[in-house]
Amino acid sequence: MSSNQFDVVVIGAGPGGYIAAIRAAQLGKTVACIDAWQNGQGGPAPGGTCTNVGCIPSKALLQSSEHYEQANHHFAEHGIEVKGVSLKLDKMIGRKNSVVKQNNDGILYLFKKNKITFFHGKGAFAGQVDGGWAIKVSGTTEADIVGKHVVIATGSSARELPGLPFDEQQILSNDGALNIGAVPKKLGVIGAGVIGLEMGSVWRRLGAEVTVLEAMPEFLAAVDTQVAKEAHKIFTKQGLNIQMGVKLGEIKSTAKQVTVPYTDASGAEQKLVVDKLIVSIGRVPYTGGLNAEAVGLKLDERGFIVVDADCKTNLPNVWAVGDVVRGPMLAHKAEEEGVAVAERIGGQHGHVNFDTIPWVIYTSPEISWVGQTEQQLKASGRAYKAGSFPFLANGRARALGDTTGFVKILADATTDEVLGVHIIGPMASELIAEAVTIMEFRGAAEDIARICHAHPTLSESMKEAALAVDKRTLNF
């Protein structure tokens with residue numbers, strides 16, 4: 001095999017792409033990975049949206065802003081007197097950038113360790129040839145390579161409002177929302193989804209007056225209703241002004257402010273004037289530059305690459321994973337698909353269970369869930385039983401000083417199989433892993449109840465909720 005020929009060529013080095021590349025290399029394949037992201041110095045920045053302008057930097061800012069809020073409003077409860085707290089936003093943003101770079105460098109190190117050839121540029125199909133697919137790399141690196149198998153992992157990009165392109169100065173995507181130079185006095189957010197609530201929370205903690213406008217009549221419609229109602233109550237109490245059921249008018253932007261006319265849920269005309277506007281109305285698959293039409297790669301009406309259950313496209317030995325295909329746009333879903341595809345290429349039987357993919361919103365309190373909601377079970381007519389337990393009655397939560405929220409478990413009325421777990425409260429993102437494990441093995445609520453949980457821990461609330469499914473309690 002010549003130096004420009006590979007068993008596997010991966011286009012995109014986000015969570016789906018770099019994981020697929022590493023797993024394929026571990027299975028003995030020769031692998032190339034192409035990625036165009038670049039850092040401020042023009043160097044490579046693998047990791048995709050997640051590492052560069054998504055999961056990682058947003059969590060860094062969420063953590064920093066949480067520390068700021070704790071110092072200002074909650075340290076005194078612990079007997080810690082802090083005076084003269086000040087915000088150095090440039091240093092906070094700098095720390096976020098440093099965290100991102102560490103992750104970029106970590107991926108490059110893993111490529112080197114696993115003998116993966118990395119190309120810094122964009123990859124496009126140049127046609128089918130003997131030995132596989134010709135791929136042209138353009139950008140920082142120029143090359144013509146051939147892959148026996150090609151894995152497309154090009155991810156997604158932020159959806160713009162019609163007629164309102166992102167300028168990342170006044171009209172911000174998730175990218176711009178992570179790099180605001182000064183805390184805005186008034187901040188608007190279009191969309192009360194994961195990104196909108198997380199970014200709104202960051203800047204609210206740092207001092208902005210935040211208004212969130214959402215077209216849907218129900219808050220967090222995809223979340224269990226009981227959890228969504230609790231979240232709305234808590235976020236409102238924290239200071240987020242959340243307006244549901246709005247209809248937007250023509251938004252006007254100047255160098256100093258953004259004017260958002262809208263009709264509220266009651267039908268009254270309103271006008272929101274803000275310093276910055278974050279638009280978080282979802283994401284769209286990114287297939288630009290792949291030259292998909294030339295090779296006949298099939299896309300659906302929404303622009304997603306069409307794949308079967310195994311992530312195979314309509315082209316032989318061409319696969320696609322992550323945000324660019326059907327399913328939830330989650331980094332860990334992309335990772336699971338990346339591993340599965342690499343294993344299928346390697347002759348193994350990769351597997352992804354969409355029913356046990358967890359969801360997390362990293363607000364404070366955190367929200368996490370896996371499986372079906374109570375409203376979904378009611379709609380399907382499935383007989384179920386429910387149990388819940390509040391963190392207010394959890395000793396560790398009291399010691400932490402954060403007793404908001406609860407754990408809720410839904411189980412089959414006959415078999416006791418866990419059908420869904422929903423958590424709002426401290427460290428919900430970590431607690432959900434136990435639920436995923438139980439559900440992956442089709443375990444019962446009684447299994448959770450009979451597992452010994454360390455004391456005192458937040459996970460005891462999982463045990464108590466499982467006991468409550470059968471109307472029992474130990475009440476730690």
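Reply: Start with pairing: two strands count as paired if DSSP finds at least two bridges between them. Keep in mind that this is a predicted model.

Me: How do you know that strand E22 and strand E23 pair?

Reply: The cut-off is at least two bridges. E22 (residues 406-412) and E23 (residues 418-425) are joined by 6 bridges. They therefore count as paired, and they run antiparallel. Within this pair, Phe-406 stands opposite Ile-424 in E23.

Me: What makes E19 and E21 edge strands?

Reply: The sheet is open, with 5 strands in the order E19-E20-E23-E22-E21 and antiparallel pairing. Strand E19 (359-361) and strand E21 (384-390) each pair on one side only, which makes them the edges. From one strand to the next, the twist averages 10 degrees.

Me: Which helix touches E20, E22 and E23?

Reply: Helix H7 (residues 225-238) packs on the sheet there. Its direction makes about 5 degrees with that of E23. Helix H12 (residues 428-440) lies across E19, E20 and E23, at about 10 degrees to E20.

Me: Why is helix H14 called largely enclosed?

Reply: Buried means under 20% relative accessible area. In H14 (residues 460-469), 10 of the 10 residues are buried, so the rest of the structure largely encloses this helix. Among them are Glu-460, Lys-463 and Glu-464, along with Met-462 and Leu-467.

Me: What covers the buried residues of H14?

Reply: The cover includes E21, E22 and E23, plus H12 and helix H13 (445-450). Just after H14, Lys-471 takes a positive phi of about 60 degrees.

Conventions:
Residues numbered from 1 in each chain as written. Predicted model: local features only at pLDDT ≥ 70, side-chain atom pairs only at ≥ 80, totals over all residues. Heavy atoms only, no water. Helix = DSSP H or I, 4+ residues; strand = E, 2+ residues; numbered from the N terminus. Axes fitted to C-alpha atoms, helices over the stretch in contact; angles between N-to-C directions. Contact = heavy atoms within 4.5 Å. Buried < 20%, exposed > 50% of the residue type's maximum accessible area, 1.4 Å probe, protein only.
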